[in-house]
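The sequence and structure come first.

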Amino acid sequence: MKSYSIKELLSQNLSLQEVTVNGWVKTFRSNRFIALNDGSTLNNIQCVVDFENFDEALLKKVSTGAALKVTGTLVESQGRGQSVEIQVKELIVLGTSDPDTYPIQPKKHSLEFLREKAHLRVRTNTFAAVMRVRSALSFAIHSYFQKNGFYNVHTPIITGSDAEGAGEMFRVSTLDQKKPPLTEDGQIDFKQDFFGKETNLTVSGQLEAETYAMALGKVYTFGPTFRAENSNTSRHLAEFWMIEPEVAFNDLDANMDLAEDFIKDVINYVLTNCKEDLEFLEQRLLDEEKSKPQAERSDMALIEKLKFVAENNFKRVSYTEAIDILKNSTPNKKKKFQYIIEEWGADLQSEHERFLVEKHFKCPVILFDYPAKIKAFYMRLNDDGKTVRAMDILFPGIGEIVGGSQREERLDVLKEKIKALDIDEKELWWYLDLRKFGTAVHSGFGLGFERLVLFATGMGNIRDVIPFPRTPQNAEF
Ligand code: 4AD
Ligand code: MG
């Protein structure tokens, strides 16, 4: 007997055939109708049991969450909401689920409650839909780069350099040169000092990706990155996944073109391939919004929002132009953006970014040419001597989704910058080598994967789009 996934059962023409399916019980009604789900699709298959033909003790074990193997004939369904159902001939309870203690009941649970049950929450429709969309996006990302001639590079997770120079790294090992850690018998303690130098978990694969771009031309990374920043927001994780393309001979304009084309492509992929899940997530949002006052409801439903981003040009504005817009804007009736008015060169706060994207331009915005002093050491200095060829992409409801730049390719300028920022040049000798041997213009960016999943699913908190979120004081699973 061939086992089918529920997705196959619902999409292939198998009517009147004998089929076997495995899955978990969503609901069991009237001692007759089992709604079974196996995760392959949002939809359940209805399994109809003729209870007179089955042992009562067996049917008692069919409760929400139990794992079943069901064999029967696939027939057209008389019931509403499903095309086919299984008339059950054989039913095996593979694993029971105690209805009194199983946390995932067939009712609406709050996302906060489900966060405490991260190992089981993917059994809800919402999390299953989010994680399927996440998987599809991951595939679409690899696919985009592979079809466009990029090579995938696996950059190290454990590293000796701080790519962003922000000092927000998780320590792996330390070495106090004067007092190396010793074991009881006087040997260097390898557990504490494995590498003979200070090492950390990577905050970004960019610097290593640059070395590969300067040989393979077009490369990308897609891996976990770690930030020990104490940010308890709905947009920050301590462990998140980042996609970082890096391209030799691309300037900042080409970098912006790439980022925009890439994002549109992967959004289009999920629009085409995740229809059911997106429709479900959209409905979930619409239901949620019913309880909000009109003014707080979004003016576009989820799928419309995704289509809008896929079909319309992002607005490109320089930092200086953006500051002028903010200076001349009145976000609410009385208050102006005081902080911005006082000082050119200040970093934009999320309220400013939100205003530009959601109120002023009403579309994704690429801000470029930021003040040098608020950006990382490796960005290419402009001729004005005070701005760098940086870009951030800001998304409605999300804020910054991409950060990137053209890299400083001139050895002398880069060295000066490293010195001015008091970074140890010796730590970056290999990075400086790239500027000694065949240096060239090159650019890249980093896209925060979970922020993309947030946008694509319409979820409100980044903790709900990664299987096991790591945030300050939270690594339970
Ligand atoms: O702007 P960031 O810090 O840029 C870099 O790391 C560069 N080295 C990238 C490059 O040019 N190759 O981070 C890039 C993106 C942000 O725009 C944001 O989407 C995401 O990574 N990000 C985070 N996502 C979740 N939690 C955090 N704590 C994040 N920090 C950054
Ligand atoms: Mg950034």
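Leu-175 is partly exposed because 17 other C-beta atoms lie within 10 Å; a residue is buried at 20 or more such atoms within 10 Å of its own C-beta, exposed at 12 or fewer, and partly exposed in between, with C-beta atoms placed from the backbone. The model is predicted: local features need pLDDT of at least 70 and side-chain atom pairs count only at pLDDT 80 or more, while totals for chains, interfaces and linings use all residues. Residues are numbered from 1 along each chain as its sequence is written, and chains are lettered from A and ligands numbered from 1 in the order in which they are written.

**Leu-175**
- The loop between strand S8 (171–173) and strand S9 (199–201) holds Leu-175.
- Beyond its neighbours within four places in sequence, Leu-175 is in contact (C-beta atoms, placed from the backbone, within 7 Å) with Pro-180, Asp-193, Gly-196, Lys-197 and Glu-198.
- Leu-175 and Glu-198 are 23 residues apart along the chain, and their C-alpha atoms are separated by 5.7 Å.

**Ligand 1**
- There are 22 residues around ligand 1 (C-beta, placed from the backbone, within 6 Å), and Ser-204, Gln-206, Gly-403, Gly-446 and Gly-448 come nearest.
- Strand S11 (239–248), strand S15 (399–406), strand S16 (442–448) and helix H14 (449–457) each give two or more residues to this shell.
- S15 gives the most, with 6 residues.
- The shell comprises 7 nonpolar, 9 polar and 6 charged residues, with Asp, Glu, Lys and Arg counted as charged, Ala, Val, Leu, Ile, Met, Phe, Trp, Tyr, Cys and Pro as nonpolar, and the others, Gly among them, as polar.

**Domains**
- An automatic or database assignment sets the domain bounds: domain 1 (6–102) and domain 2 (125–168 + 203–314 + 363–464).
- The centres of domain 1 and domain 2, taken over C-alpha atoms, are 43 Å apart.

Conventions. Helices (H or I, at least four residues) and strands (E, at least two) are DSSP runs, numbered from the N terminus. Two residues are in contact if their C-beta atoms, placed from the backbone, lie within 7 Å.
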